[in-house]
Amino acid sequence: MMDPSPLLKMTDISKTYPGVKALDRVSLTVRQGEVHALVGRTEPANRR
């Protein structure tokens, strides 16, 4: 059976903040019927 086409595909995502590399070339593919969760700390800039 062939893999269904992705509903969402993100590749080589990078994000940096001053002094922090939050993401370094991350990729994510989501296909129909899959469930994914992204978990991480969120801190507003005014609370640092």
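A contact here means heavy atoms within 4.5 Å. This is a predicted model, in which local features need pLDDT of at least 70 and side-chain atom pairs count only at pLDDT 80 or more, while totals for chains, interfaces and linings use all residues. Residues are numbered from 1 along each chain as its sequence is written, and side-chain values use heavy atoms, with hydrogens and water left out.

Select Ser14, which lies in strand S1 (residues 6-17); strands are DSSP runs of E, at least two residues long, numbered from the N terminus. Leaving aside residues up to four places away in sequence, Ser14 touches Leu23, Asp24 and Arg25. From C-alpha to C-alpha, Ser14 and Asp24 are 4.7 Å apart in space, although 10 residues separate them in sequence. The side chain of Ser14 also reaches the backbone nitrogen of Arg25 at 3.1 Å.

Next, select Asp12 and Arg25, which form a salt bridge with their closest N and O atoms 3.5 Å apart; the term means a side-chain nitrogen of Lys or Arg within 4 Å of a carboxyl oxygen of Asp or Glu. This pair links distant parts of the chain, with Asp12 in strand S1 and Arg25 in strand S2 (residues 20-31), 13 residues apart.

Finally, select Lys21 and Asp24, whose side chains meet in a salt bridge at 3.9 Å, N to O. How many salt bridges does this rule give? The count comes to 2.

Methods. Helix = DSSP H or I, 4+ residues; strand = E, 2+ residues; numbered from the N terminus. Polar contact = N/O pair within 3.5 Å; in protein donor to acceptor, adjacent residues only side chain to side chain.
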